[in-house]
Amino acid sequence: MALDSSSKRVFKVVGTRPPRPDGVDKVTGRALYGADVSAPGMLVGRILRSPHAHARIRAIDTTAAEALPGVKAVVTARDFARLEGDKIIDMGEDRTSLRDVRDNCLARDKALYDGHAVAAVAALTPEIARAALKLIAVDYEILPHVIDVDAAMRPEAPVVLAGRAHENVPGGMSPNVTNHCEFGHGDLEAGFAQADRIVERSFTTAATHQGYIEPHACLASVTGDGRADLWCCTQGQYNVRDICAELMGMQASQLRVTASEIGGGFGGKTVVFIEPVALLLARKSGRPVKIVMSREEVFRATGPTVSASIDVRIGMARDGRITAGEAVLRYSGGAFPCETVDMGAQAAFACYDLRAVRTLGWNVLTNRPKEAAYRAPGAPQAIYAVESVVDELCQGFGLDPLEVRLRNAARKGTKSSYGPTFEAIGLEATLEAAKAHPHYSAPLGPGQGRGLSAGFWFNFGGNTSVSLSVNTDGTVGITEGNPDIGGSRASISLMAAEELGIPYERVRATIADTSSLGHNDVTDGSRVTFAVGLATIKAARDAKQKMCARAARIWGIDEEAVLWEDGAAKPSGPNAGDFPPMTLAEIAAVSFKTGGPIAGHNEAHADGAGVSFGVHICDVEVDRETGATKVLRYTVIQDAGKAVHPDYVEGQMQGGAVQGIGWALNEEYIYGEDGRLQNAGFLDYRVPVASDLPQIDTVILEIPNPGHPYGVRGVGETPIVPPLAALSNAVSRAIGHRMTRLPMSPPRVLEAINAGR
Amino acid sequence: MRYVRPETAEEAADLLGREEGVSRILAGGTDVLVQLKSGLVEPDLIVDIKRIAGMRDITPEAGGFRIGAAVSGAMLGEHAGVKALWPGVVEGFELIGSTQVQGRATMAGNLCNGSPAGDAVPGLVAAAAVARIQGPGGTRDCPVAEIPVGPGRTALGKGEFITSILLPARPAGSGDAYLRFIPRTEMDIAVASAAVSLTLGAGGRVAAARVALGAVAPTVRLVEAAADCLIGTGLGEEALAALAAACSAACSPIDDKRGTIAFRSQVAGVLARRAAAIAHQRAGRTS
Amino acid sequence: MKTIQVATTVNGDGAEFVCGHDETLLDALRNRLGLTGAKEGCGTGDCGACSVRLDDRLVCSCLVLAVEAEGARIDTIEGLAQGETLHPLQQSFIDLAALQCGICTPGILVAAKALLDRNPEPTDTEIRYWLAGNLCRCTGYDKIVRAVQDAAAKMRSA
């Protein structure tokens, strides 16, 4: 559904900032999250995890645990249903192997990382469950492990999983290399030949974690006749259902999954970890089973980001024109294959209009937990490396980094570095807004540095179902299938109210369980406001058409002679007759006498998600004696398309920026020589705290997305992309030394300063 | 695990002395409960000392203050007298954890946890504070500096626990300060830290000084060589540089997830220098 | 004896429960008393999602044993609103969109209330340091600080 022809549409409700419908529940403690429900007779489920980074599981003896009074079930990987071959699960933005999901939930032949689940128990109390775990004897044969992505590519590296290389991976490489991709166009060498300066650098970025405050939690119940219910915190209840049903050997229709309120996800709750295990335990014990992860389990055994090693080479002419760009990306998504490097390789140069560009990507297996999506997966690392080299070239020529980006900016008609030609995009406008912002021209003090970075994300649409019911009192209910992770009930309700011409307060949006509505893809790819909004508008238009038909019937005129305007059906056209408009409430009030209940619905695959660009400006001050970096000022400028609820658009921009700041400065997975994670807690996995930060200023640009009737674009992911380079460029300029490794923790910054003394 | 709440210190020491399994004292609980959660310790006995008389009191004594073992950071931070006399000790203690943790954490607990990175400890050592210890056989006093003997280990014997810490009186013209380095602004464990306590004498020269470093050795370390760099000087650039060098030289830290040997050694010197300047300024105000 | 009987006061009402010797106050509130507003984000005092007041002191309920509540006064998020009337902090958090997923919100509101009780006119910096033990991963804290200021201003002029 393309942008409404009147793209200068005046909105009445969309663009306002009303209170969110779930606000009172969430400020009073009433909202129910994953761990907040219980069931009669409920057991406590706990998981035994591998203490080894890599080990063959010779045997698991559960007899002593089973014999412990109060233990009602013990399960291992053998309890899963047999899989006939493998199956690829389409998760919308991402694809994953069912076999890998199963083996990640409970290790089968090998434990592949520290924290990998190997068995689980259900018991009457947490104490008994904990005691039972100690009674499970696992016979491990410890194997050599590999943690570092570059080390894992070497031919002599320990092999994490053999036989998993995609057919496009050349022979002779380590079996750990599973995927390869290549993007680009133009004559690279000719491009570099035109350059007045070429900078080539290598970068590394640590694996980071989404750091949602709510640990994974679920409550499973399976009855003797094969029906099951699952309550869990997830970004996509339908995917949970489909995966769990396959692993349990159940029909999807017999498993109802209800999404709880969700305490953050950022991509990390798009996959399953404990849910299939809870179902196994519930089936085996015949009682409801609740599993709640500890924070330590969240860090050790959910899905952090890839760790990356990246080489970038860029040529620039003296006037700031980029003549050629090349990047080689080596990502490790942990112990199972993943395709995240594809997105990094596509995104790396997406901000630029280049005649010659090439990116190569490699995915490598390591003994780390399997990566999950984290806000624009794969893009922050790649764009960090590219934007760092562009900044260094600007410094070398003494050019303004904004002018150089404007000069080379991708625009409408640009053949993107990853193939498609861009439609209307907002990068130039975003750069111009950054240039005009007072932050960009504010003076800097001694020891301070200013960094700039552009960023990009694709955004995604995907499969969506929405049902909209018109109640007889003139109110409207929307049933949608994506958990409200940051205000989407409000934005969906705003679009419904706008389309129907009724007040926002008369709309109530409800998140459906999997039995109450058709399929919805997971809440990812910044898709909800775009795609669910689109489906909501279409469902509202469906309902409007039906209401016009009812009015036509009441008036005794043709349906075609009735149109919907300002929340009411009106006769239209020369032969329609002269009837006073009938409001939604009036039509709804008599609906039982004019044909029955009125509802609209829409089920579709939403295409047309518009790409989005952002520019971040960051000022830092570095303590030259300790290497500590203080963020003094931060501004986020982003093309959001039409901002449906501007408060929550700003919130996405601020939250994404701060996650990026954490990634740049302090967050990292730290492994010991033994391959075990050393900082599995919020004490040493250092997410930004309130006192670390300044205000995060925001500028929303609204360049309409041609692929949405209101011009809506995805917003949520792009803001995590620019901070890595914005911070690195700021610190590099402040200390006079180019930083090439994230995070820029104080010891690394001090080392760089010392080297330059 | 058995939880008990004795009414007297003697009763507590008796319970602790007779316990054959693992026992833990509960005052603020901010370390003990974390250890329970992680399964690091599985005590058989928990002795809550908060109901024992005096444990939550701050009492003037001989020109100084006796701080009960269950006095929280929040309580100490609200005590104007202690803050005026030993500002460095108070600010060091107040750096531990969050507002929430400050509502519970105690100096005695920070000391007995035995971590070389405890933020309350260097200030106490620099202050020459003395712990009063209750044991099955009675009470004894022990300098705080002698309590920690290694990571996680203390000089306390079977059945012994700290009931209070005495912050001594100090002459006019004295000041102290504590600084630590952490990667964030709050919520981290010190990567390196330094406490300086000094007294100015005639002509504004340093008459006495004590310098203690945290997180750079198996225990909090009193560095006499560093104090010697200050004594007799007017705390000029040269003395401060010598102090920093002496502190860095006194470090024998480890490489770990929080910092490197080189980083800790260098930064400990920087912090000592900065803390000395603050202590000097404070001493000037009270002389 | 595996359990202990505890008599306490929660949000002004008397409450009694039976708990294990090693059970945390957070677990007792959630599992014995059904007050699930306080959340467990870490269990180690690093995230503040379980913040409650214990005899007026702001604490992490995950770092308090349930038996320590004996004779004490506990205040939780469930007691912040007066019936249907939201506390000004709650209203400001809704009005200024200071929450996204909402999991940290109960803890932050309890902590912010403790701040305003002792300092009705805090600076932004004071708010940020007071709330440093309350992790929020969604908002970047910006709107939280603004909402606390908004509520403080409204409470001062009330």
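Student: Which residues touch the most other members in the largest nonpolar core?

Tutor: A nonpolar core is a set of buried Ala, Val, Leu, Ile, Met, Phe, Trp, Tyr and Cys residues joined through side-chain atoms within 4.5 Å. Buried means under 20% relative accessible area, exposed means over 50%, and partly exposed is in between (1.4 Å probe, protein chains only). In soluble globular proteins, nonpolar side chains tend to be buried together. Here the largest core has 197 residues, and A:Leu230, A:Phe456, A:Tyr634, A:Leu727 and C:Phe93 touch the most other members. Its largest share, 10 residues, is supplied by helix H11 (residues 379–397) of chain A. Apart from this core lies another of 87 residues, with B:Ala12 and B:Leu33 among them.

Student: What should I know about the model and its numbering?

Tutor: Residues count from 1 along each chain as its sequence is written, and chains are lettered from A and ligands numbered from 1 in the order in which they are written. The model is predicted, so local features need pLDDT of at least 70 and side-chain atom pairs count only at pLDDT 80 or more, while totals for chains, interfaces and linings use all residues; side-chain values use heavy atoms, with hydrogens and water left out.

Student: What pLDDT does chain C average?

Tutor: pLDDT is the predictor's confidence in each residue, from 0 to 100. Where it is low, the predicted coordinates should not be read in detail. Chain C averages 97, and 99% of the residues score at least 70. For the model, ipTM is 0.99 and pTM is 0.98.

Student: How many residues of chain C and of chain A take part in the contact?

Tutor: Contact means heavy atoms within 4.5 Å. Chain C gives 42 residues and chain A gives 53. Buried area is the accessible area (1.4 Å probe) that two parts lose on being put together, summed over both. Between chain C and chain A this is about 3800 Å², with 56% from carbon and sulfur atoms. On the chain C side, C:Gln100, C:Arg128 and C:Arg137 lose the most area to chain A, together 22% of what that side buries.

Student: How many salt bridges are counted between chain B and chain A?

Tutor: A salt bridge is a side-chain nitrogen of Lys or Arg within 4 Å of a carboxyl oxygen of Asp or Glu. Seven are counted between chain B and chain A. B:Arg258 pairs with A:Asp684 at 2.7 Å, N to O. B:Lys257 also forms a salt bridge with A:Asp684, its closest N and O atoms being 3.7 Å apart. A:Asp684 is buried, with a relative accessible area of 7%, whereas B:Lys257 is partly exposed at 25%.

Student: Which parts of chain A does the pair of A:Arg256 and A:Asp513 tie together?

Tutor: Their side chains meet in a salt bridge of 3.9 Å, N to O. Helices (H or I, at least four residues) and strands (E, at least two) are DSSP runs, numbered from the N terminus. A:Arg256 lies in strand E13 (residues 255–259) and A:Asp513 in the loop between strand E21 (507–511) and helix H16 (528–555), so the pair ties together parts 257 residues apart in sequence. A:Arg256 is partly exposed at 35% relative accessible area; A:Asp513 counts as buried at 13%.
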